[in-house]
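Please read the numbered points with the sequence and the model at hand.

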Amino acid sequence: MLYAFARVVVGFIYKILFKTKVMGLENIPRDGGIILCCNHQSYHDVVVLGLTSPKDVHFLAKKELFKGKFFNKLFGSLGAIPVDREKPSMDSLKRVVATLKQGDALGIFMQGGRQKQVDTTDYKAGVALFAVKGQAPIVPVHIKSSFKLFAPIYVNIGKPISFEEFYGAKVRSEQLSEMAQQVIDAIAGLGEGGAA
C-alpha cells in the first residue's frame with residue numbers, strides 16, 4: 001500500500017523535476033521473478049529504477065538503515081530487504097530467494113557504494129548466487145544523469161542474462177565470480193552505448 005502510494009507521488013515529482021528517457025523497457029520480463037542489477041552513481045538511482053520497473057522492486061539495503069522502529073517499519077513497508085554487506089546472513093538469502101520465487105523483482109547495486117563510473121574490476125558476486133538460488137534472470141541496467149534540476153535521466157535496460165544451466169547445481173565461488181563479471185561488463189557496456 002505504502003509502495004504504491006509512494007510510487008504515484010514520487011513519480012509525479014520526478015516527472016516535473018527531470019526528463020527521463022528509457023531505452024529497452026521491453027527487456028524486462030513481465031512474468032516470474034527478476035533481478036534488476038544497476039550501476040550506482042547517486043541516491044536517485046533507487047527511485048529511478050523503482051519508477052522505471054513495471055514491477056514493484058524489493059531493494060537490498062544495508063542493515064544500518066533499519067535501525068530504530070520508525071525506519072525499520074518504513075523500509076520494511078517499502079519491501080526493502082536488510083543485508084549485512086560484510087557478512088550476508090542466511091536469513092537475507094532466504095528472503096531474497098522467497099521474493100524471486102513469488103515472481104517479484106529484486107533491485108541490486110552490485111558495486112555496493114556509489115561510483116561515478118562503472119569499475120568492472122570492483123563488484124560483489126552475490127548477485128550471481130541470488131540468480132542461481134532464486135532461479136531468476138538478471139536484467140542489467142545503466143542509469144546516467146547529473147540529477148541537476150530539469151536534467152535528463154537516461155535509463156538503458158539490457159537483455160536478460162540467464163544462468164539457468166546452474167539451477168539446482170552446486171556452484172563454485174570461481175563460477176559465481178565469472179557470472180558476476182558477465183553482469184558488470186553488461187552494465188558497463190550499456191553505459192557506453194547509451195546517450196550521454
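**Notes on the model**

1. Setting aside neighbours within four places in sequence, T99 is in contact with H58, I81, D104 and A105. The residue belongs to helix α4, which covers residues 90–101. The structure is a predicted model, and the remarks below should be read accordingly.

2. Is T99 buried or exposed? Its relative accessibility is 7%, and because the limit for a buried residue is under 20%, T99 counts as buried. The side chain of T99 also reaches the backbone oxygen of R95, at 2.8 Å.

3. As to the overall architecture, the protein comprises six helices and seven strands. Read from the N terminus, the order of these elements is α-β-β-α-β-α-β-α-β-α-β-β-α. The radius of gyration is 16 Å, close to the 16 Å given by the globule rule for 196 residues, so the protein is as compact as a globular protein of that length. Along the principal axes, the C-alpha atoms fill a box of roughly 50 × 45 × 30 Å.

4. Of the 196 residues, 43% count as buried. Where contacts link residues at least 6 apart in sequence, 70% of them join residues at least 24 apart. The protein exposes about 10900 Å², and 57% of this area is supplied by carbon and sulfur atoms.

5. Helix α1 spans residues 2–17 and includes L2. L2 is one of the residues of a nonpolar surface patch of about 680 Å²; the others are F5, V8, V9, F12, I13 and I16. With a relative accessible area of 34%, L2 is partly exposed.

6. How many salt bridges are there? The count comes to two. Side chains of opposite charge can pair when their charged atoms come close. In one of the bridges, R7 is joined to D56, with the closest N and O atoms 3.3 Å apart. R7 lies in helix α1 and D56 in the loop between α2 (44–52) and β3 (57–62), so this pair ties together parts that are 49 residues apart in sequence. Both partners count as partly exposed, R7 at 22% relative accessibility and D56 at 42%.

7. A salt bridge is also formed by the side chains of R172 and E174, at 3.9 Å from N to O. R172 counts as exposed, at 52% relative accessibility, whereas E174 is partly exposed, with a relative accessible area of 48%.

Note on methods
Residues are numbered from 1 along each chain as its sequence is written. This is a predicted model: local features need pLDDT of at least 70, side-chain atom pairs count only at pLDDT 80 or more; totals for chains, interfaces and linings use all residues. Side-chain values use heavy atoms; hydrogens and water are left out. Patches are made of residues with over 30% relative accessible area and no salt bridge: like charges are joined within 9 Å, nonpolar side chains (Val, Leu, Ile, Met, Phe, Trp, Tyr) within 5 Å. Accessible areas come from the Shrake-Rupley method with a 1.4 Å probe; for residues, only the protein chains shown count as cover. A salt bridge is a side-chain nitrogen of Lys or Arg within 4 Å of a carboxyl oxygen of Asp or Glu. Helices (H or I, at least four residues) and strands (E, at least two) are DSSP runs, numbered from the N terminus. Buried means under 20% relative accessible area, exposed over 50%, partly exposed in between (1.4 Å probe, protein chains only). A polar contact is a pair of N or O atoms within 3.5 Å; within protein, one must be able to donate a hydrogen and the other to accept it, and residues adjacent in sequence count only if both atoms are side-chain atoms. Contact means heavy atoms within 4.5 Å. The radius of gyration is taken over C-alpha atoms; the globule rule is 2.2 Å times the number of residues to the power 0.38.
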